[in-house]
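Please follow the chain below from its surface and overall form down to one residue within it.

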Amino acid sequence: MNANELRDKTPDQLREELANLKKEAFNLRFQQATGALESTARMRGVKRDVARVNTVLNEKAAAAAAE
(Lines give C-alpha, C1' and ligand atoms only; values in the text may rest on other atoms or scores of the structure.)
Protein backbone atom coordinates (compact mmCIF):
# COMPACT_ATOMS: atom_id res chain seq x y z
CA MET A 1 0.00 0.00 0.00
CA ASN A 2 1.40 3.39 -0.89
CA ALA A 3 0.32 6.93 -0.10
CA ASN A 4 -0.87 7.63 -3.64
CA GLU A 5 -3.39 4.80 -3.43
CA LEU A 6 -4.58 6.12 -0.08
CA ARG A 7 -5.02 9.67 -1.34
CA ASP A 8 -7.57 8.41 -3.87
CA LYS A 9 -9.81 7.05 -1.10
CA THR A 10 -12.47 8.96 0.80
CA PRO A 11 -12.01 9.76 4.50
CA ASP A 12 -14.61 7.11 5.40
CA GLN A 13 -12.72 4.48 3.44
CA LEU A 14 -9.50 5.56 5.15
CA ARG A 15 -11.07 5.25 8.60
CA GLU A 16 -12.28 1.77 7.69
CA GLU A 17 -8.80 0.85 6.46
CA LEU A 18 -7.32 2.23 9.68
CA ALA A 19 -9.66 0.11 11.80
CA ASN A 20 -8.73 -3.01 9.83
CA LEU A 21 -5.02 -2.29 10.20
CA LYS A 22 -5.37 -1.74 13.94
CA LYS A 23 -7.20 -5.06 14.28
CA GLU A 24 -4.43 -6.75 12.33
CA ALA A 25 -1.79 -5.11 14.53
CA PHE A 26 -3.60 -6.35 17.62
CA ASN A 27 -3.75 -9.89 16.23
CA LEU A 28 -0.06 -9.78 15.35
CA ARG A 29 0.85 -8.60 18.86
CA PHE A 30 -1.26 -11.40 20.30
CA GLN A 31 0.48 -13.95 18.07
CA GLN A 32 3.87 -12.62 19.12
CA ALA A 33 2.97 -12.91 22.79
CA THR A 34 1.89 -16.52 22.35
CA GLY A 35 4.89 -17.41 20.21
CA ALA A 36 2.83 -18.15 17.11
CA LEU A 37 4.09 -15.25 15.00
CA GLU A 38 6.06 -16.42 11.98
CA SER A 39 6.83 -13.14 10.22
CA THR A 40 7.90 -10.34 12.55
CA ALA A 41 8.44 -8.08 9.53
CA ARG A 42 4.67 -7.95 9.04
CA MET A 43 4.31 -6.10 12.35
CA ARG A 44 6.62 -3.35 11.12
CA GLY A 45 4.75 -3.12 7.83
CA VAL A 46 1.38 -2.83 9.55
CA LYS A 47 2.67 -0.08 11.84
CA ARG A 48 3.94 1.85 8.84
CA ASP A 49 0.64 1.39 7.02
CA VAL A 50 -1.21 2.75 10.06
CA ALA A 51 1.09 5.77 10.01
CA ARG A 52 0.50 6.28 6.28
CA VAL A 53 -3.27 6.20 6.70
CA ASN A 54 -3.09 8.64 9.62
CA THR A 55 -0.89 10.97 7.59
CA VAL A 56 -3.27 10.99 4.63
CA LEU A 57 -6.26 11.53 6.94
CA ASN A 58 -4.49 14.50 8.52
CA GLU A 59 -3.63 15.90 5.08
CA LYS A 60 -7.26 15.64 4.01
CA ALA A 61 -8.44 17.29 7.23
CA ALA A 62 -5.97 20.15 6.79
CA ALA A 63 -7.04 20.63 3.18
CA ALA A 64 -10.70 20.71 4.20
CA ALA A 65 -9.97 23.24 6.95
CA ALA A 66 -8.05 25.47 4.53
CA GLU A 67 -11.03 25.70 2.17
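The accessible surface of the chain comes to about 4,900 Å², and 49% of that area belongs to carbon and sulfur atoms (areas are from the Shrake-Rupley method with a 1.4 Å probe, and for residues only the protein chains shown count as cover). This is a predicted model, in which local features need pLDDT of at least 70 and side-chain atom pairs count only at pLDDT 80 or more, while totals for chains, interfaces and linings use all residues. Residues are numbered from 1 along each chain as its sequence is written, and side-chain values use heavy atoms, with hydrogens and water left out.

The chain holds three helices and zero strands, in the order α-α-α along the sequence (helices are DSSP runs of H or I with at least four residues, strands runs of E with at least two, numbered from the N terminus). Its C-alpha atoms fill a box of roughly 50 × 15 × 15 Å along the principal axes. The radius of gyration, taken over C-alpha atoms, is 14 Å, whereas a compact globule of 67 residues would have one near 11 Å (the rule being 2.2 Å times the number of residues to the power 0.38).

Of the 67 residues, 22% are buried, that is, under 20% relative accessible area, with a 1.4 Å probe and protein chains only. One of the residues of helix α3 (residues 41-66) is Asp49, which counts as buried because its relative accessible area is 9%. Beyond its neighbours within four places in sequence, Asp49 is in contact with Met1, Leu21 and Arg42, where contact means heavy atoms within 4.5 Å.

Notes. Buried < 20%, exposed > 50% of the residue type's maximum accessible area, 1.4 Å probe, protein only.
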